[in-house]
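The sequence and the coordinates are shown first for reference.

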Amino acid sequence: MGKAASFYAVEGVDGCGKSGMVGHIVAHLNDGGYPAIATREPGGTPQGEKLRSLLLSGTDDAWDQQSELLLMTAARVEHVRRVVLPTLERGISIVSDRYVGSTIAYQGAGRGMSEDYIRFLHKEAVGDVWPDLVIVLDLDPAIGLARSKKRLSADAIDEGRFETLDLDFHHRIRRSYLDQATRDPDRHVVIDALGTPEEVRARVIEAITLWRTRQAR
Ligand code: TYD
C-alpha cells in the first residue's frame with residue numbers, strides 16, 4: 001500500500017502531543033512492515049541539536065528574529081541533507097517532529113516575518129523538499145501551553161523560550177497551520193487533538209491509512 005518510503009511531518013502548537021505521536025506513527029509503520037525512523041526539528045543531527053539548545057533556551061529576546069529564522073533554516077539544511085534525503089533513498093520513511101510548516105507558523109505568523117521570504121529561503125537553502133504528508137494536531141493553544149509548561153518544569157527542561165510568548169502569539173500559530181492545510185489540502189491532514197491519547201492516536205492512524213490508500217491508487 002502506498003510508496004515504500006514517505007516523509008511525514010507532525011505539526012501543531014506547543015503541547016499538542018506531537019512528540020508522543022511521532023513515536024506512535026513510527027511504531028505503526030514498522031509493525032506494518034514499513035521501516036521508519038523518528039526525527040525532530042530543530043535538531044535531528046548532532047549540529048542541529050546544538051542549534052536546538054541555543055534556539056530554545058533563554059528569554060524571548062535572546063535572538064533577533066532574522067537570526068532565529070536563519071538558525072532554524074541552518075538546522076533544517078543539516079537535517080535534510082544528512083538525514084532526511086539519505087534515509088528516504090534507503091527506502092526508510094521519516095517521521096519528523098516539526099518541519100518548515102513550523103517556520104511558516106512561528107517565524108511567519110508568530111513573529112510577523114514574510115512568508116514569501118521564508119519560502120524563498122527554504123527553496124534556496126534546503127531545496128524543494130517538502131513532506132509527503134503533514135499531520136497537523138489541532139488544539140486550543142491555551143490547553144497546549146498549560147500541558148507544555150507542566151512538562152518542561154516537571155522534567156526541568158530548558159526549552160521553554162517559545163512557551164514564554166503570549167497566548168495571542170500561539171493563536172496565530174494555530175491559525176497558520178489551519179491556513180497552510182486549507183491552501184495545500186493534498187499534503188495536509190488536520191486532526192482534532194482534543195481527547196485521550198488513544199483517541200487522538202486512532203484518528204491519526206486512520207488518516208494515515210486513508211492517505212496511503214489514496215496514494216496507492
Ligand atoms: P518542540 O520540542 O517541538 O516543542 P513542543 O514539544 O513544546 O511542542 O520545540 C520546538 C520549538 O521550536 C517550538 O516552540 C516551535 C519552535 N520552532 C520554530 O519556532 N520554528 C521552527 O522552524 C521549528 C522547527 C520550531
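**Note on the structure**

1. Pro42 is found in the loop between strand S2 (36–40) and H2; helices (H or I, at least four residues) and strands (E, at least two) are DSSP runs, numbered from the N terminus. The peptide bond joining Glu41 and Pro42 is cis, with omega at about -15°.

2. This is a predicted model, in which local features need pLDDT of at least 70 and side-chain atom pairs count only at pLDDT 80 or more, whereas totals for chains, interfaces and linings use all residues. Residues are numbered from 1 along each chain as its sequence is written, and side-chain values use heavy atoms, with hydrogens and water left out.

3. Phi of Arg98 is near 80°, a positive value in a residue other than glycine.

4. Which residues come nearest to the ligand? Of the 18 residues around the ligand (a heavy atom within 4 Å), these are Asp14, Arg52, Arg98, Thr103 and Gln107. By class, the shell holds eight charged residues, five polar and five nonpolar; here Ala, Val, Leu, Ile, Met, Phe, Trp, Tyr, Cys and Pro count as nonpolar, Asp, Glu, Lys and Arg as charged, and the others, Gly among them, as polar.

5. Helix H2 (46–56), helix H3 (65–89), helix H4 (100–110) and helix H6 (141–154) each supply at least two residues of this shell. The largest share comes from H4, with four residues.

6. Side chains of the protein make polar contacts (a pair of N or O atoms within 3.5 Å) with oxygen atoms of the ligand. For Arg52 the distance is 2.7 Å, for Asp14 it is 2.8 Å, and for Arg76 it is 3.1 Å. Taken alone, the ligand exposes 550 Å², of which the protein buries 96%; accessible areas come from the Shrake-Rupley method with a 1.4 Å probe.

7. Across the whole structure, a search finds 14 salt bridges, each a side-chain nitrogen of Lys or Arg within 4 Å of a carboxyl oxygen of Asp or Glu. One of them pairs Asp97 with Lys18, whose closest N and O atoms are 2.6 Å apart. This pair links distant parts of the chain: Lys18 belongs to helix H1 (residues 18–31) and Asp97 to strand S3 (residues 93–97), 79 residues apart.

Technical notes:
Polar contact = N/O pair within 3.5 Å; in protein donor to acceptor, adjacent residues only side chain to side chain.
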